[in-house]
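Please read it alongside the sequence and the coordinates.

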Amino acid sequence: MAVGTGNIRCLECYCQVLLIMKTIVANLKEQDDYNKIIEEAGRIIREGGLVAFPTETVYGLGGDGLNPDASRKIYAAKGRPSDNPLILHICDLSQLNDLAIIDDDRVGKLADKFWPGPLTMVLNKKAIVPESTTGGLKTVAIRMPSNQVALDLIKAAGLPIAAPSANISGRPSPTNGKRVCEDLDGKIEMILDAGSVDIGLESSIVDLTGSTPVILRPGAITKEMIEEVLGSTEVDLAVKDPSSVKAGYKPKAPGMKYRHYAPKAELKMFRGKPEAVANKINELSSEDERKGLKVGIIASAESKDLYKYGDVVVIGSKNNDAEIAKNLYEILRGFDDKRVDRIYSEVFEDGKLAKAIMNRFSKASANNIFDIR
Ligand code: TXA
Ligand code: MG
């Protein structure tokens, strides 16, 4: 059955409504017919349908990257603005030349070092890539994921798979199959559930269309790691200074302009000595609870005992950025489930993943990060 808009129209605004469909949820951990499932998923994608699948970063919502109808279905299923371009996922370097114009050796150097893995490169696109996939841009974002299910699926489909994160637009990205089902069950043909992902934050994006590489979204492949391969690399102003977006700066990755990765409750973060931060959060959460509000607190393992009110959730040890990255979205979604009204958090600024972690936190909190003395 094809996903998409039917001839049914909503009575209120006369928009076309998305047809509800039966989604096949394949639990890959429990299945011995792995190959059969992957074949079936590949066939669905080849025929224009949508399949959600795990990658090492977050789950993706995949469709045929060269088929404008498939990208339209992706935008519809996510409720995503159509000017926000999709990343094409490949499983073999030989696919790259068909999709993008490669006129220098930087792409090869980065691919050698970081692919398969959590790095996306923005390149000038070839005509075969439809503008419906690239949000009208003449450039295309491409990555080769390292997750085996993702690689097998792309191979089985036999084409580049366009895949944004498999969440409803604006919600935190899903890091396990259960969260994908929450957002997309009934809207797409198939969900491949392989449990929890490894990294928990989306890929780093580097724009190679200019003479200096520019990081458009920080991830597990850091600026320093890219500089080791390519030399001097810049960071887009939207990432360096998140307040620039409020002031009117247009991020080079269109998706970075949205209040993304956001829980339903208002999130505020506090930077300072652990005791001072805890005092401030205790003061605010005690006031909130007096007003009958439900409070969630995101704490490090080291500081958790300093909090006196609210539902305190430990994101990980301050010394373990990988653990913090992996738990971040799941904690935000958990607070949505518990319907908290306010979330207060410490900042997490240590380790290799700190830039990526704080970039997502800054978006989730609409950059509400306060220094406490
Ligand atoms: O880790 C990831 O990258 C995950 C997994 C599924 O691969 N995908 C992901 O896709 O995060 P999405 O659609 O949620 O985020 C893609 C980001 C958006 O901010 C989008 O604006 C940007 O990439 N992007 C895509 N194509 C672009 C282009 N041609 N130029 C600039 N930015 C682009
Ligand atoms: Mg996303």
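In this predicted model, the largest nonpolar core holds 99 residues, among which Met121, Ile142, Leu192 and Phe361 touch the most other members. A second, separate core consists of twelve residues, including Phe270, Ile281, Ala299 and Tyr344.

**Packing**

- Leu192, leaving aside neighbours within four places in sequence, is in contact with residues including Ala26, Leu28, Ile37, Val51, Phe53, Tyr59, Val149 and Leu153.
- Ser345 belongs to strand E18, which spans residues 342-346, and Ser345 counts as buried because its relative accessibility is 0%.
- Not counting residues up to four places away in sequence, Ser345 touches Leu267, Lys268, Met269, Phe270, Ile281, Ile298 and Phe361.

**Salt bridges**

- The whole structure contains 25 salt bridges, and in one of them Asp337 pairs with Arg179, their closest N and O atoms being 3.0 Å apart.
- That pair links helix H11 (residues 321-337), which holds Asp337, to helix H6 (residues 177-184), which holds Arg179, across 158 residues.
- Asp337 is partly exposed at 44% relative accessibility, whereas Arg179 is buried with a relative accessible area of 2%.
- Glu182 and Arg333 form a salt bridge with an N to O distance of 3.4 Å; Glu182 is in helix H6 and Arg333 in helix H11, 151 residues apart.
- Arg342 and Asp288 meet in a salt bridge at 3.9 Å, N to O, which links strand E18 with helix H10 (residues 274-290).
- Salt bridges that share partners join Arg171, Arg179, Glu182, Asp183, Glu330, Arg333, Asp336 and Asp337 into one network.

Key: Residues are numbered from 1 along each chain as its sequence is written. Chains are lettered from A and ligands numbered from 1 in the order in which they are written. This is a predicted model: local features need pLDDT of at least 70, side-chain atom pairs count only at pLDDT 80 or more; totals for chains, interfaces and linings use all residues. Side-chain values use heavy atoms; hydrogens and water are left out. A nonpolar core is a set of buried Ala, Val, Leu, Ile, Met, Phe, Trp, Tyr and Cys residues joined through side-chain atoms within 4.5 Å. Buried means under 20% relative accessible area, exposed over 50%, partly exposed in between (1.4 Å probe, protein chains only). Contact means heavy atoms within 4.5 Å. Helices (H or I, at least four residues) and strands (E, at least two) are DSSP runs, numbered from the N terminus. A salt bridge is a side-chain nitrogen of Lys or Arg within 4 Å of a carboxyl oxygen of Asp or Glu.
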